[in-house]
Amino acid sequence: MINILNFNLLHETDQYHSVFKLKEANQEFELVDDLEIHYLELKKFVEVNDYDQLSTLDQWLLFIRDTSDDKKQELIDHIKKRNEVINMAGEILNRVSQDEEARAIYQQRRKWYLDKVSSEKYLLHEGEEKGRKAEKIEMAQELIRKGMDSDFIQEVTKLPKEEVESIKREKRN
């Protein structure tokens with residue numbers, strides 16, 4: 001099984017290509033020799049300056065990642081000239097790209113993916129904002145317990161004066 005990821009999944013390694021085999025948990029013998037799980041993390045893949053020294057895997061990763069990047073067409077063309085199979089894949093990709101229905105399906109998938117990424121980033125940002133706000137409120141509550149005045153609390157926490165006063169009122173009740 002080959003997994004090509006446009007994000008970093010395995011934070012334990014800086015390698016862009018990781019291979020896993022299935023082993024029995026207690027005695028650690030392999031289930032079968034030919035069953036492997038490959039993870040190719042494109043974000044970790046660093047280009048080599050000498051394109052003639054690229055491995056076949058590196059050529060494929062560059063093709064997969066950069067084939068639609070107009071700035072990298074010279075590199076992609078160079079790879080296609082050196083690798084007949086990648087050249088065939090490029091020709092098939094060109095044919096499929098000309099098919100209106102296939103292109104529409106691709107665009108829908110791409111939009112879904114970009115929407116998902118955008119939504120996740122937004123939710124992460126919102127969560128971070130809520131966390132920072134909760135920390136400020138917690139700090140304000142602690143400063144109120146220690147008897148600090150509202151101006152000092154507002155200056156330290158950067159909370160609006162009305163919110164500091166509201167927290168003080170809640171504390172009294």
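At 38% relative accessibility, Lys116 counts as partly exposed. This residue belongs to a predicted model.

Lys116 forms a salt bridge with Glu120. Their closest N and O atoms are 3.4 Å apart. Both residues lie in helix α4. They sit four residues apart, about one turn of the helix. Glu120 has 43% relative accessibility, so Glu120 also counts as partly exposed. Side chains of opposite charge can pair when their charged atoms come close.

How many salt bridges does a search of the whole structure find? The search finds 12. One of them joins Glu36 and Lys21, with the closest N and O atoms 3.1 Å apart. Glu36 lies in strand β3, residues 36-41, and Lys21 lies in strand β2, residues 17-21. The pair therefore ties together parts that are 15 residues apart in sequence. Glu36 is partly exposed, at 24% relative accessibility. Lys21 is partly exposed too, at 36% relative accessibility. Which residues are linked in a network of salt bridges? Lys21, Glu30 and Glu36 are.

Glu142 forms a salt bridge with Lys146. Glu142 has 34% relative accessibility and counts as partly exposed. Is Lys146 buried or exposed? At 55% relative accessibility, Lys146 counts as exposed. The cut-off for exposed is over 50%.

| Glu residue | Lys residue | Closest N and O atoms |
|---|---|---|
| Glu36 | Lys21 | 3.1 Å |
| Glu120 | Lys116 | 3.4 Å |
| Glu142 | Lys146 | 3.9 Å |

**Helix α5**

Now to helix α5, residues 150-157. Which of its residues are buried? They are Ser150, Ile153 and Thr157. These residues cover an arc of only 60 degrees around the axis, which puts them on the same side of α5. What do the buried residues of α5 pack against? They pack against α4, residues 100-145, and α6, residues 161-172. Helix α4 is also where Glu120 and Lys116 lie.

Both ends of α5 have a feature to look for. At the start of α5, Asp149 points a side-chain oxygen at the backbone of Asp151, and this oxygen comes to within 3.1 Å of the backbone nitrogen. Just after α5 comes Lys158, with a positive phi of about 65 degrees.

How values were computed:
Residues are numbered from 1 along each chain as its sequence is written. This is a predicted model: local features need pLDDT of at least 70, side-chain atom pairs count only at pLDDT 80 or more; totals for chains, interfaces and linings use all residues. Side-chain values use heavy atoms; hydrogens and water are left out. Buried means under 20% relative accessible area, exposed over 50%, partly exposed in between (1.4 Å probe, protein chains only). Helices (H or I, at least four residues) and strands (E, at least two) are DSSP runs, numbered from the N terminus. The arc is that of the directions from the helix axis to the C-beta atoms. Contact means heavy atoms within 4.5 Å. A polar contact is a pair of N or O atoms within 3.5 Å; within protein, one must be able to donate a hydrogen and the other to accept it, and residues adjacent in sequence count only if both atoms are side-chain atoms. A salt bridge is a side-chain nitrogen of Lys or Arg within 4 Å of a carboxyl oxygen of Asp or Glu.
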